[in-house]
Amino acid sequence: MNNRACRVLLVYPEFVPNSFWGYKDACKLVGARYPAAPLGLITVAGLLPQHWEFRLVNCNTEALTLDDIAWADMVMTGGMLNQQPDCLRLIDRCHEHGKPVVVGGPDATSSPHVYRSADFQVLGEAEDVIKDFVAAWERGERSGVFTAEKFKIDVTKTPMPRFDLLKFDQYIYICVQYSRGCPFTCEFCDIIELYGRVPRTKSNEQILAELQRLYDLGHRGHVDFVDDNLIGNRKSLRVFLPLLKQWQEAHGYPFEFSTEASINLSDDDELMGMLKACNFWLIFIGIESPDPETLVQMRKKQNTRRNLAESVHRIYSYGIAVTAGFIVGFDSEKASIGDSMAAFIDDCAVPVAMVGLLYALPGTQLTRRLEKEGRLHQGHDVMIEERAGDQCSIGINFEPVRPMREILTDYRRVVEIVYAPENFARRLEKLATLLDRRGCRNAPVPGDRRGAAGAA
């Protein structure tokens, strides 16, 4: 009988080129290989028996070798839609060498049929079913599907991610997660389908222990709270932030934080002040469109009945920069949306604007509506390798109301205007002036990597 500990090879698939997640060339400017570390896989490593052995390979930062595959008893992988082609390729490669593959993550959960070639599927939030998978593996089973009940995980029982598996110097920032879920009902969003509309938060002790672990491992600098809406549970957040500030003070402010939040953060002066006091310097916000009618159609009610530009500037008034997402391709758009969107981005001095074409993600309200209307393309959730990309290159995966040429013309126009070198530089200069006037002279600079492990 072989009593050797199980060897688990954790492989993070490569994102398709030319996507919003493929900033490899930009990372080189600051000595990194990729923006963010794979928090999901190192969380899975924390959930598995700790006497097992683990090896992590991020295909966005390094090559997966035959020696890595030969070492493993099993391979665990999974990721987002834009990692689908490489994930499927990985499954085939491991099978060629006789290794069983376990797949999970958001894309496998949303489209399990795409990953039928995997030996095991762990679908949904892994905390609920990982014990069943481990039991099946140790019984000698080499295939199976384990599906978690939706939205039932108590994240206060989630173990600490295995940050020690990371090569810190490969990344611009390291990620932590405080909460899961979002209270809003945006039609195009899959977060509420995967994690629910009642945000669940870790305990204060948990998240501070995770930050302490990063500190002890030598990380300094940028830490991103990957929550899809950090302010989804404001009551808990108001209790946590003063403790985070105390921790930062006690450790000499080793970290600067970024996160994602909804625009209604701008209505809460107390909360913005608390975030700034903790050294939050950057917030990503889904603006999506400056057109009120389009915002109503996409059910993004938190962005309606307000002046969006004024809301962004209110966040700036606390010395916190805003990056934002924008989408072209909604049915209610006017032909001039490209110009108005570009003007809005310029007015708000948004330094990095993620502008994409509308893509109906699997399992969303949008996808269900389009399918009912007979407008959803066949194979809408399959990313074909030879034309792989993300919203800025292949969406739209449905029949739009507006002529496609009109949509593409608007999209091209907004991108050309926003990222013309002179316009980009002017926005950066304007933003720097806005933040400086608000007493933010010591704010961290995007790309600051004071925190590679071992840094002073």
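Throughout these views, buried means under 20% relative accessible area, exposed over 50%, and partly exposed in between (1.4 Å probe, protein chains only). The model is predicted: local features need pLDDT of at least 70 and side-chain atom pairs count only at pLDDT 80 or more, while totals for chains, interfaces and linings use all residues. Residues are numbered from 1 along each chain as its sequence is written, and side-chain values use heavy atoms, leaving out hydrogens and water.

**View 1. An open sheet of 7 strands.** Follow the order β2-β8-β11-β12-β13-β14-β15, where the pairing is parallel. Strands (E, at least two residues) and helices (H or I, at least four) are DSSP runs numbered from the N terminus, and two strands pair if DSSP finds at least two bridges between them. At the edges stand β2 (34-36) and β15 (353-357); each has a single partner strand, so one side of each is left without a neighbour in the sheet. From one strand to the next, the twist averages 20°. Angles here run from 0 to 180 degrees between N-to-C directions, with axes as lines fitted to C-alpha atoms, for helices over the stretch in contact.

**View 2. Strands β13 and β14 with helix α12 across them.** Zoom in on β13 (residues 280-288) and β14 (residues 321-328), which pair in the parallel sense over 6 bridges. Look for Phe284, whose bridge partner in β14 is Thr323. Helix α12 (residues 308-316) lies across both strands and runs at about 155° to β14; contact means heavy atoms within 4.5 Å.

View 3. With 13 residues, helix α8 (residues 204-216) reaches 18 Å from its first C-alpha to its last. That is close to the 18 Å expected at 1.5 Å a residue, the expected span being 1.5 Å times one less than the number of residues. The buried residues of α8 include Asn204, Gln206, Ile207 and Leu208, and Glu210, Leu211 and Leu214 are buried as well. Just after the helix, Gly218 takes a positive phi of about 105°.

**View 4. An open sheet of 6 strands.** Here the order is β3-β1-β4-β5-β6-β7, again with parallel pairing. The edge strands, β3 and β7 (144-147), each pair on one side only. Neighbouring strands are turned by 20° against each other on average, direction ignored. Within this sheet, 4 bridges join β1 (residues 7-12) to the parallel strand β4 (residues 74-78), and Leu9 stands opposite Val75 in β4. Helix α2 lies across β1, β3 and β4, running at about 165° to β1.

**View 5. The loop that holds His51.** This loop runs between α2 (39-47) and β3 (53-58). His51 is exposed, with a relative accessible area of 56%. For a sense of scale, Pro362 is 311 residues away from His51 in sequence and 37 Å away in space, C-alpha to C-alpha.

**View 6. The salt bridge of Asp269 and Arg314.** The whole structure holds 29 salt bridges, each a side-chain nitrogen of Lys or Arg within 4 Å of a carboxyl oxygen of Asp or Glu. In this one, the closest N and O atoms are 2.5 Å apart. Asp269 lies in helix α10 (residues 269-277) and Arg314 in helix α12, so the pair ties together parts that are 45 residues apart in sequence. Asp269 is partly exposed at 35% relative accessible area, and Arg314 counts as partly exposed at 35%.

View 7. Lys334 forms a salt bridge with Glu293, with the closest N and O atoms 2.9 Å apart. Lys334 sits in the loop between β14 and α13 (337-348) and Glu293 in helix α11 (residues 292-297), so parts 41 residues apart in sequence are tied together. Both are partly exposed: Lys334 has a relative accessible area of 42% and Glu293 has 46%. Next comes Arg413, which forms a salt bridge with Asp339, the closest N and O atoms being 2.3 Å apart. Arg413 lies in helix α15 (residues 404-418) and Asp339 in helix α13, so this pair ties together parts 74 residues apart in sequence. Arg413 is partly exposed at 41%, as is Asp339 at 38%. Finally, pick out Glu187, Asp331, Arg369, Glu373 and Arg375, which are linked in a network of salt bridges.
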